[in-house]
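Keep both in view as you go.

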Amino acid sequence: MDSTPRGLDGVVAAQTRLSHVDGQAGELIIGGYQLRELAGRVSFEEAAHLLWRGALPSRDELATLRREIAALRALPDETMHVVRAAAKSPPIDALRMACATLSLDLPHPDDISPTADLEAAKLLTARFPTIVAAHARLSAGREPIPPRTDLPLAANFLYMVHGKEPDPVAARAIDTYWVTVIDHGMNASTFAARVIASTRSDMVSAVTGAIGALKGPLHGGAPGPVLDMLKDIRSADRAEPWVRNELAAGRRIMGFGHRVYKVRDPRADVLSTVANEMGTAGGGALENRKLFDLARAAEQTILKVLDEVKPGRNLRTNVEFFTALVLQALGLEPRSFVATFACGRVAGWCAHVIEQHGEDHLIRPQSEYIGPRGLKIGGG
């Protein structure tokens, strides 16, 4: 019987101080803190400092980091040229292409020393939101809005997308979202980044590879279709027949089930609270509240039916379900959801690259050959 684990399931590929995922307990630890201790209580810049430096910043350290990141937000001409050329491409593709150009703006792009890595991490984290916002506007036929340096990173992102300073609830929502998704164990994109970094390749190359891994629907997920699902359901009383019909047709229920979590995704709890707050503030509060109330009612019905139809599968609410509600309430288009996720995860990718460069050990697993042997080239 084949004993080789598929997809490296159960194989420990690295030791890390950055994050820990316990799928049985529904636990996510980021830099020593339970997610609920961080999300909504520290800013994204503070969480990035925690991963890059190993501790939350002091007030002075945070002020310095915010100034440094703010000064790096503007895109060089070469990067903006790529973003414009990719205006009709999917946002995650535009981000991948634009990310690769960012090494042009580093003084020593192949330097993988701790100091150089940290500077590259700041640059990437500063510019990802600018790229995604510029692409969103260009793809809608509008001109990009230059970044401001007087706003926190998350608030500036919404300003660059919409052209107006966001209200505090919206700014807090995107900031909390990015903290929630900043790192998540040895997922596919993080592993890809670490494999590239293990060859002593540079930070930008490793993060570009991570974006390529995130693009795949088995990893980047599909929070956008959650909105399509809720639109199809329309009302709470239609949820049960809708989900039974989908399951009978063999279709997946978006926003439920996770490769690791066998209980409710702890990130879903955080984003449920954020979605609830978004439903009580802002110009679209009534519409957001109706959608949130429908989602909460549909969630309970879907969980009940999944337990009945697929017993033992432990298909619980995952991060995608409430991500969709939060990001649409912020006025973002579903096609940009995965790229917006990357704006938060990039800080985690950079932290893993820093850690892998420090370890300086090539990741080179073995494979089990299952092909034929002894073949010969025929001849007369």
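Q: Is Glu46 buried or exposed in this predicted model?
A: Glu46 lies in helix 2. Its relative accessible area is 18%. The cut-off for buried is under 20%. Therefore Glu46 counts as buried.

Q: Which residues does Glu46 touch, not counting residues up to four places away in sequence?
A: Start with Arg59, 13 residues along the chain from Glu46. The C-alpha atoms of Glu46 and Arg59 are separated by 9.8 Å. With residues up to four places away left out, Glu46 touches Leu56, Pro57 and Leu62.

Q: Which word describes the packing of helix 2 on helix 3: roughly parallel or roughly perpendicular?
A: Helix 2 covers residues 44-53 and helix 3 covers residues 59-71. Their axes are 10 Å apart, at an angle of about 100 degrees. Angles of 65 to 115 degrees count as roughly perpendicular. So helix 2 is, relative to helix 3, roughly perpendicular.

Q: How many nonpolar, polar and charged residues are in the contact of helix 2 with helix 3?
A: Helix 2 brings Glu45, Glu46, His49 and Trp52 to the contact. Helix 3 brings Glu61, Leu62, Leu65, Arg66 and Ile69. Sorted by class, the residues are 4 nonpolar, 1 polar and 4 charged.

Q: Is Thr79 buried or exposed?
A: Thr79 sits in helix 4, residues 77-85. Its relative accessibility is 0%. The limit for buried is under 20%, so Thr79 is classed as buried.

Q: Which residues are in contact with Thr79, leaving aside its neighbours within four places in sequence?
A: Thr79 belongs to helix 4. Set aside its neighbours within four places in sequence, and the partners of Thr79 are Ala98, Thr101, Leu102 and Ile131.

Q: Which residues of helix 12 are buried?
A: Helix 12 runs over residues 223-233. Buried here means under 20% relative accessible area. The buried residues of helix 12 are Pro223, Gly224, Val226, Leu227, Met229, Leu230 and Ile233.

Q: Where is Arg200, a residue with phi near 70 degrees?
A: The phi of Arg200 is positive, though Arg200 is a residue other than glycine. At 56% relative accessibility, Arg200 counts as exposed. Its place is the loop between helix 9 (188-198) and helix 10 (203-215).

Q: What is the radius of gyration of the protein?
A: The protein has 17 helices and 3 strands. For 380 residues the globule rule gives 21 Å. The radius of gyration is close to that, so the protein is as compact as a globular protein of that length. The value is 22 Å.

Q: What percentage of residues in the protein is buried?
A: The C-alpha trace spans about 70 × 60 × 45 Å along its principal axes. The accessible surface comes to about 18100 Å², and 52% of that surface belongs to carbon and sulfur atoms. Of the 380 residues, the buried share is 52%.

Methods
Residues are numbered from 1 along each chain as its sequence is written. This is a predicted model: local features need pLDDT of at least 70, side-chain atom pairs count only at pLDDT 80 or more; totals for chains, interfaces and linings use all residues. Side-chain values use heavy atoms; hydrogens and water are left out. Axes are lines fitted to C-alpha atoms, for helices over the stretch in contact, and angles run from 0 to 180 degrees between N-to-C directions. Helices (H or I, at least four residues) and strands (E, at least two) are DSSP runs, numbered from the N terminus. Angles under 35 degrees count as roughly parallel, over 145 as roughly antiparallel, 65 to 115 as roughly perpendicular and the rest as oblique. Contact means heavy atoms within 4.5 Å. Ala, Val, Leu, Ile, Met, Phe, Trp, Tyr, Cys and Pro count as nonpolar, Asp, Glu, Lys and Arg as charged, and the others, Gly among them, as polar. The radius of gyration is taken over C-alpha atoms; the globule rule is 2.2 Å times the number of residues to the power 0.38. Buried means under 20% relative accessible area, exposed over 50%, partly exposed in between (1.4 Å probe, protein chains only). Accessible areas come from the Shrake-Rupley method with a 1.4 Å probe; for residues, only the protein chains shown count as cover.
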